[in-house]
Amino acid sequence: MTATGNQRARQTRLLALRFDGEALIALDQTQLPWREQYLRLTSAEEIAEAIRRLAIRGAPLIGVAAAYGIALDPSPAACALLKAARPTAVNLAYAVDRVAAADDPLTEAMAIHREEEASSDAIAAHGADLLAGTATILTHCNTGALAAPGRGTALAVVEELALRGSLRLALITESRPLLQGARLTAYELTTLGIRFELLVDAAAPAVIASGAVDAVIVGCDRVATNGDVANKVGTYALALAARAAEIPFVVAGPTSTIDGQCPSGAQITIEQRDPSEVRSLAGQPVTVPDAPCRNPAFDVTPAALISGLVTERGVATPVGIESVSELISG
Ligand code: MRU
């Protein structure tokens with residue numbers, strides 16, 4: 001990327017949400033890339049609903065949104081509602097518990113927001129150091145400025161590699177059923193001026209096997225203490241393909257995504273979403289009416305398949321109980 005491109009990337013950073021003192025103003029991600037429409041959410045109920053329908057999404061971002069929800073209404077009912085909005089990303093419970101326990105909920109929510117923003121810069125730098133020289137990278141789902149405050153997580157690393165001059169191409173997966181890759185990552189990379197090609201999910205393992213990919217990087221929704229990672233469904237297949245091709249498979253996320261109470265991936269609740277999401281594509285039916293469907297939103301990748309876990313505190317490698325516990329203790 002040229003110097004001009006770098007400046008453009010910095011100037012055009014997307015703002016997924018902000019709190020205006022009375023309401024959470026959030027870009028409605030269900031409308032992207034077709035419409036940039038902002039929601040004005042004034043209650044914990046409205047924020048929980050926006051999280052449920054993925055208008056606000058991505059583990060760190062839903063944590064920050066929930067934090068502001070508790071600042072608006074710190075009642076036990078609001079805490080329960082927000083925690084239940086989505087079950088897999090631990091950032092939700094982390095943020096709700098922290099803000100609910102604070103003397104000044106709004107100050108605490110703003111602190112979480114600032115911390116996540118700072119984390120994204122640190123993750124970008126650590127990840128780009130780890131993957132220095134990478135020319136072609138493959139990523140899944142959406143993990144950029146739409147998914148986390150600031151630059152994002154895995155996509156922030158992709159951006160940093162571009163800014164440092166090594167990255168030539170980002171391969172991005174569609175991420176069926178809700179197309180976070182096709183709709184959101186393509187939109188972000190276009191905004192940033194980073195060259196990309198979009199793949200259907202099923203194409204990715206063979207493209208990796210062909211030798212065309214230097215490294216795979218993804219985000220995370222919950223990291224167990226043994227290093228197992230829950231992330232967008234399809235992640236596990238990419239990890240297997242990366243292992244078979246002997247290329248790095250890297251996970252990036254803030255330490256707020258590590259669940260110190262969760263010993264392994266087997267204990268992670270995987271969100272099962274409505275079958276209607278599988279029966280249709282961008283609003284158009286793709287199967288027989290009422291086709292029985294299975295719609296897990298996430299899968300679990302065992303720690304043994306992960307080359308490095310990049311956080312704002314540094315990189316765990318190899319990924320396992322010892323290195324993850326070092327990250328937790330800071
Ligand atoms: O269902 P989504 O779109 O919220 O899933 C998002 C992911 O799986 C991301 O990889 C994860 O939340 C990390 S976002 C920085």
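This is a predicted model: local features need pLDDT of at least 70, side-chain atom pairs count only at pLDDT 80 or more; totals for chains, interfaces and linings use all residues.
Q: OK, ligand. How many residues surround it?
A: There are 17, and the closest are Arg57, Arg86, Asp221, Asn231 and Lys232. A residue is near a molecule if one of its heavy atoms lies within 4 Å of it.

Q: What does the side chain of Arg57 do there?
A: An N or O atom of the Arg57 side chain is 2.5 Å from a ligand oxygen. A polar contact here is a pair of N or O atoms within 3.5 Å; within protein, one must be able to donate a hydrogen and the other to accept it, and residues adjacent in sequence count only if both atoms are side-chain atoms.

Q: And how far is Arg86 from a ligand oxygen?
A: A polar side-chain atom of Arg86 sits 2.7 Å from one. For Lys232, a side-chain N or O atom is 2.7 Å from an oxygen of the ligand. The protein covers 100% of the 410 Å² of accessible area that the ligand has on its own. Those areas come from the Shrake-Rupley method with a 1.4 Å probe; for residues, only the protein chains shown count as cover.

Q: Lys232 is in which strand?
A: Strand β9, residues 229-232, which is joined to β13 by four bridges, running antiparallel. Strands (E, at least two residues) and helices (H or I, at least four) are DSSP runs numbered from the N terminus. Two strands pair if DSSP finds at least two bridges between them.

Q: What's the strand order in that sheet?
A: It's an open, antiparallel sheet of three strands, β8-β9-β13. β8 (222-223) and β13 (298-301) are the edge strands, each pairing on one side only. Ala230 has Val300 in β13 as its bridge partner.

Q: Switching to β10. Are its residues buried or exposed?
A: Buried: in β10 (residues 249-252), Phe249 and Val251 point one way, Val250 and Ala252 the other, and all are buried. Buried means under 20% relative accessible area, exposed over 50%, and partly exposed in between (1.4 Å probe, protein chains only).

Q: What does β10 pair with?
A: β7 (residues 215-218) pairs with β10 in the parallel sense over three bridges, and Ile217 stands opposite Val250. β14 (residues 308-311) also pairs with β10 in the parallel sense over three bridges, and there Val310 is the partner of Ala252.

Q: Why does Thr153 count as buried?
A: Because its relative accessibility is 7%.

Q: Last one: how many residues of α8 are buried?
A: Ten of its 13, so the helix is mostly covered by the under-20% cut-off. Among them are Arg183, Tyr187 and Glu188. Just after α8, Gly193 takes a positive phi of about 75°.

Q: And Ala26?
A: Ala26 is in strand β2 (residues 24-27) and is buried, with a relative accessible area of 0%.

Definitions and conventions
Residues are numbered from 1 along each chain as its sequence is written. Side-chain values use heavy atoms; hydrogens and water are left out.
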